[in-house]
Amino acid sequence: MEKLKIAGGYPLKGSVKISGAKNSAVALIPATILADSPVTIDGLPDISDVHMLQDLLEEIGGTVSFEEGTMEVDPSKMISMPLPSGKVKKLRASYYLMGAMLGRFKKAVIGLPGGCHLGPRPIDQHIKGFEALGAEVTNEQGAIYLRADELRGARIYLDVVSVGATINIMLAAVRATGKTIIENAAKEPEIIDVATLLTNMGAKIKGAGTDVIRIEGVDALHGCRHTIIPDRIEAGTYMIMAAAVGEGILIDNVIPLHLESLIAKLREMGVPVEPGDDQIFIGKSDALKTVDIKTLVYPGFPTDLQQPFTSLLTRAEGSGVVTDTIYSARFKHIDELRRMNANIKVEGRSAIVAGPVQLQGAKVKASDLRAGAALVIAGLMAEGVTEITGLEHIDRGYSDLEQKLFGLGATIWREKMTTEEIEQLENS
Ligand code: EPU
């Protein structure tokens, strides 16, 4: 087990290249199951979620290679092998194996997904969609069993706008008989990316990126080559970092349109932001004014940037209110930020951040992926050395984090934890 160390308080400068989108990658890879010939995806991030999905595709008989961001999947010999435990439980997005395997084999057994603990994360809308398409879905001893004699298109209204449910229903419906209409669908860019891959594989999908998606089922899907979109959450994390400790940072390989809510909030705080075609420059900011943020579904402020943004607010003048309307318990980073001298109160679904304060280096623990990103930013802002444990969460979603930060001038390194430190962490 390793810990990350950051010697904070130094400005960062230069440019950073954003990797492919994690939340697209984790859907694109399972989507390859639906084809009957090889699919190539370029630009994938080198993160543990991607490696785990590669292993899972191999477990069901896929031939997969992954080198320098390019994954080639030959799905022709895959079988509907049950995946009740093991790696499936390590990541949230293993739920996409349900839609993809149901779509291709009309049956699947998949363990309940794991992932970050952010409050209740039910998958009732996914199941509602599968059932509407004609599947029988049961939950037996921690695994979901799905079977259908035939999948038939249906009109499905999502009671909750969910990225996962929208994509999962798309995966199950593209090879169903007839027309499926998903109403109140999520509109995140990752949904358009998955629809683009499926369309290149021969699927007939209209309206991805709007709240009504129409799918005309086809008998078979074929292989193709696809380039993933850049990760807007990784880009946003570096933009926030640039606002916190940057002296001019260019964020490269980004779609500025995907980050409009963050750009607006940074500008409101007094951060110079200059978007280009596929780059965003964040200038040096001196005094920052605080702002309030409320997380919403896309194109609102993303919940995945709420935690990193909270670290930035500790530098701003005044009291800013951060409200998460998507997750009820995405505040585990707050206690850790307090250890670093932050002045933050949690009231219900809101955190009230009073600033400015000078953060101090401390020993802190990343409880989930974006909490980890928040602590990295705080570590860069803090005086002294910050030690972050719980790196397995950060490694699920941030490709080459140390190398990228090192390139911007940060003093950051990993160290092996001693047996005593591991014991202390496990008992904490
Ligand atoms: N929800 C339901 N029923 C469902 C599905 C969702 O009630 O069937 C509710 C949840 O209770 C929650 C909200 O909808 O309030 C979001 O749910 P969920 O966590 O299921 O969202 P998701 O679609 O699985 C994706 C991203 C998350 C991101 C959210 C919101 C992936 C793999 N994950 O999750 O990403 O926070 O959308 O934008 O795409 C992250 O990257 O750190 C991350 C957590």
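Where in the chain is the place of P299? P299 sits in the loop between β17 (293-295) and α9 (306-313). The model described here is predicted.

The peptide bond that joins Y298 and P299 is cis, with omega at about 10°. Most peptide bonds are trans.

Both Y298 and P299 also belong to the lining of the largest cavity, together with R232, I233, H258, L259, S261, G300, P302 and L305. This cavity has a volume of about 50 Å³. By class, its lining divides into six nonpolar residues, three polar residues and one charged residue. The structure holds three cavities of 30 Å³ or more.

## The largest pocket

The largest pocket contains about 920 Å³ of space. Its lining is made up of 38 residues, and those that lie nearest the centre of the pocket are Y95, R121, V163, I326 and Y327. Sorted by class, the lining has 19 nonpolar, 12 charged and seven polar residues.

Both domains take part in this lining: domain 1 (2-18 + 231-427) and domain 2 (22-227) each give at least three residues to the largest pocket. Among the helices, α1 (22-31), α4 (124-132), α5 (163-173) and α11 (369-381) each supply at least two residues of the lining.

## The ligand

There are 24 residues around the ligand, and Y95, G164, D304, I326 and Y327 come nearest. Y95, I326 and Y327 are also among the residues that lie nearest the centre of the largest pocket.

D304 places a polar side-chain atom 2.6 Å from an oxygen atom of the ligand. In R370, an N or O atom of the side chain is 2.7 Å from a ligand oxygen. Taken alone, the ligand exposes 820 Å², and the protein buries 90% of that area.

## The second largest pocket

About 320 Å³ of space lies in the second largest pocket. It is lined by 13 residues, and K363, V364, T389, Q424 and L425 are the closest to its centre. Two or more residues of this lining come from each of α10 (332-339), β21 (363-365), β22 (384-389) and α14 (419-427).

Which classes of residue make up the lining of the second largest pocket? There are seven charged, three polar and three nonpolar residues.

## Further backbone features

A cis peptide bond also joins G355 and P356, where omega is about 0°. P356 is placed in the loop between β20 (350-355) and β21.

Most residues other than glycine have a negative phi. N341 has a positive phi, near 90°, and is a residue other than glycine. N341 lies in the loop between α10 and β19 (343-347).

Methods. Residues numbered from 1 in each chain as written. Predicted model: local features only at pLDDT ≥ 70, side-chain atom pairs only at ≥ 80, totals over all residues. Heavy atoms only, no water. 1 Å grid on protein atoms, 1.4 Å probe; cavity = no way out; pocket = protein on both sides within 12 Å on 5 of 7 lines; lining within 4 Å. Points joined across faces, edges and corners; volume = space filled by probe spheres on them. Helix = DSSP H or I, 4+ residues; strand = E, 2+ residues; numbered from the N terminus. Nonpolar A, V, L, I, M, F, W, Y, C, P; charged D, E, K, R; others polar. Domains from an automatic or database assignment. Near = heavy atom within 4 Å. Polar contact = N/O pair within 3.5 Å; in protein donor to acceptor, adjacent residues only side chain to side chain. Areas by Shrake-Rupley, 256 points an atom, 1.4 Å probe, with all protein chains shown as cover.
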